[in-house]
Amino acid sequence: MVNEDLDAQRLSVGEMVYKFEKRFAELHEQKYGIALNSGTSALHVGLEAMKEKFGWNKTGGDTKKVIVPAITFIASSNSILHAGLTPTFVDVDARTYNLNPALIEAAIDEETVAIMPVHLFG
């Protein structure tokens, strides 16, 4: 399959991407699979899908919040902002640079709708 794509000199949307999406959806027992151009787009689409599913739309001045590590790639906070949500930055564990689990609960309030864990450094 990879060689077919390379031979066709097509590395973007097309027959192979559609096949990949279909097969990916089947493997995960889902109706649809969507290939995106970047992790940033994937984060944004995921947040927009959750907004739709769980009704996180802004109503009555409410600002829905997503907890995100204070040390992260900019795509994390940008995707939250682009989805019309507000990032709530929580400090990281000094050893792992992941969200500090001991600080998460204190950051949660009535407007918190999600936690976006980020494993930045592999």
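Buried means under 20% relative accessible area, exposed means over 50%, and partly exposed is in between, using a 1.4 Å probe and protein chains only. This is a predicted model, in which local features need pLDDT of at least 70 and side-chain atom pairs count only at pLDDT 80 or more, while totals for chains, interfaces and linings use all residues. Residues are numbered from 1 along each chain as its sequence is written, and side-chain values use heavy atoms, with hydrogens and water left out.

**Stop 1: strand 1**

Select residues 65-69, which form strand 1. Helices (H or I, at least four residues) and strands (E, at least two) are DSSP runs, numbered from the N terminus. Strand 1 is largely enclosed by the rest of the structure, because 4 of its 5 residues are buried.

**Stop 2**

Two strands pair if DSSP finds at least two bridges between them. Strand 1 is joined to strand 2 by 5 bridges and to strand 3 by 3 bridges.

Now pick out residues that face each other across the strands:

- Lysine 65 is opposite threonine 86 in strand 2.
- Valine 66 is opposite alanine 114 in strand 3.
- Isoleucine 67 is opposite isoleucine 115 in strand 3.

**Stop 2**

**Stop 3: aromatic pairs**

A search of the whole structure finds 3 aromatic pairs. Rings of Phe, Tyr and Trp (its six-membered ring) pair if their centres lie within 6.5 Å; planes under 30 degrees apart count as stacked, over 60 as edge-to-face and the rest as tilted.

Select phenylalanine 20 and phenylalanine 24, both in helix 2 (residues 15-27) and 4 residues apart, about one turn of the helix. Their ring centres are 5.8 Å apart and their planes are at 35 degrees, so the pair is tilted. Phenylalanine 20 is partly exposed, at 47% relative accessible area; phenylalanine 24 is also partly exposed, at 40%.

Finish with tyrosine 97 and phenylalanine 121, whose ring centres are 5.6 Å apart with planes at 80 degrees, so the pair is edge-to-face.
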